[in-house]
Amino acid sequence: TQADIEAGQVVNSATAEGTLSNGFVISDISDDPDDPTTSTHDPTITPVEQIGALVLEKIAQPSTGVDGDGLYNKLGEIITYELTVYNTGNVSLNNIVITDPNADPGSISPAFIANLPAGASAVFTAEHTIVSADFTAGNVTNTATVSGTEVVEGTLITDDSDDPTTPVLNDATVVTIPQIGRIEVTKVADPPIDGDFDTVGEIITYTLVATNTGTVTLTDINLVDPNADTLVLDSTTGTDDGLDLIVDNLARLETATFTATHTITQDDLDTGEVITTATAGAQYFGGSVTDISDDPNDPTTTTEDPSVVALTSTPSMTVTKTADDDSNVSEGQIVTYTYVVTNTGNVTIDEITINDIHSGNGIINTPILQSTTGTDDVLDDDVDSLAPGQTATWTLAYIVTSADITDQVDITNTVTATGTP
């Protein structure tokens, strides 16, 4: 288990037990014969290899200067970097720290992360203020380093940053100054085929168009879409060898069109929308430019707003009630009611409770939760959550009274299930 990996070992003992013919019970706790430190009853300890690994990606965000050209071309302008750390090992790492010799002092945020679990990621930001030397060099080129420590063994794990918008692995992040290179990318979702996006597994198709809006030819145009399940280069008015998803060249105002897909998940339906952005990157004169996608159909903002796809949520649930005897009951008889609530909608429902209004003369108690295929903390008779198709079962016992028999009136009850989508 992950806990075993975090501990660095699996420690366990077994017990053998038997009964003699005279009824005497004998037993023995296991011993590890390969352990010379003790003679008997020592546990078996199996070391588990901890493999610490980190990957650091670093992207320079486009300029947000007042001229709106997306370029870093002014003295004192601040370059903002997004650094994403991925724990690609099998063990959590402590004290995640990024060092960047080119970053302004104190600009790396957060300063550190106490612990990053295996398979998790975290985002840092850093800033660099453009100085005269940057204009002389014609670019800002730098590499950041991430470090973390294995929890048990204390091994220091490091990785140098890579720019994911380029086809080269483990390359430095390069921001060109002040050549006029610029790329813009739009992202638009196609309408649903059946009129609604309302089903887990349904596919949202996006069209992404990257355009060279600068003054120089761009090379190695690449698109990164973290939310896409698939990404395909459909066409380009530029030059491309057709061997991969990277467009070879785009002259001014030439375009590259991509198609991306996203498969709707239950979390998406529970949220009620899918919000996504893509990042386009390109090279020129040894430097690079990037742009975050814009939804041109959104009139509320002019640039770099995410693509928002509204999902149709249809929360609903049913409740059934049965009695183990519904005719000719007698005084003192225990009638057991069984209630089954089913989530028949397409979104998760939380805090499910049931209430039974009963016409009998006797005392009616609160229904008792017996089981659920959903999620529950078992602290009470409420169910924490039911995903679509999941169920919960309650029971209630009622003792027929003499007044019930004397009244000669049917014992009726109505149950109501309540939850929050």
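Guide: Let's start with Lys187, which is buried, with a relative accessible area of 1%. Buried means under 20% relative accessible area, exposed means over 50%, and partly exposed lies in between (1.4 Å probe, protein chains only). Please keep in mind that this is a predicted model, where local features need pLDDT of at least 70 and side-chain atom pairs count only at pLDDT 80 or more, while totals for chains, interfaces and linings use all residues. Residues are numbered from 1 along each chain as its sequence is written, and side-chain values use heavy atoms, with hydrogens and water left out.

Lys187 has a partner: it forms a salt bridge with Asp225, and their closest N and O atoms are 2.8 Å apart. This pair links distant parts of the chain, since Lys187 sits in strand 14 (residues 183-189) and Asp225 in the loop between strand 16 (218-224) and strand 17 (230-236), 38 residues apart. A salt bridge here is a side-chain nitrogen of Lys or Arg within 4 Å of a carboxyl oxygen of Asp or Glu. Strands (E, at least two residues) and helices (H or I, at least four) are DSSP runs numbered from the N terminus. Asp225 is buried as well, at a relative accessible area of 10%.

How many salt bridges does the whole structure hold? The search finds 2. In another salt bridge, the side chains of Lys58 and Asp100 meet at 2.5 Å, N to O. Lys58 lies in strand 5 and Asp100 in the loop between strand 7 (93-99) and strand 8 (113-116), so this pair ties together parts that are 42 residues apart in sequence. Lys58 is buried at 0% relative accessible area, and Asp100 is buried at 9%. Leaving aside neighbours within four places in sequence, Lys58 is in contact (heavy atoms within 4.5 Å) with residues including Tyr81, Glu82, Asp100, Asn142 and Thr173.

Asp267, Asp270, Asp350, Glu351, Asp377 and Asp380 form a negative surface patch. Helix 3 (266-271) and strand 26 (349-358) are the elements that give two or more residues to this patch. Patch residues have over 30% relative accessible area and no salt bridge, and like charges are joined within 9 Å; Asp and Glu count as negative. Asp267, for instance, is in helix 3 and is exposed, with a relative accessible area of 58%.

Methods. Patches are made of residues with over 30% relative accessible area and no salt bridge: like charges are joined within 9 Å, nonpolar side chains (Val, Leu, Ile, Met, Phe, Trp, Tyr) within 5 Å. Accessible areas come from the Shrake-Rupley method with a 1.4 Å probe; for residues, only the protein chains shown count as cover. The place of a charge is taken as NZ of Lys, CZ of Arg, CG of Asp or CD of Glu.
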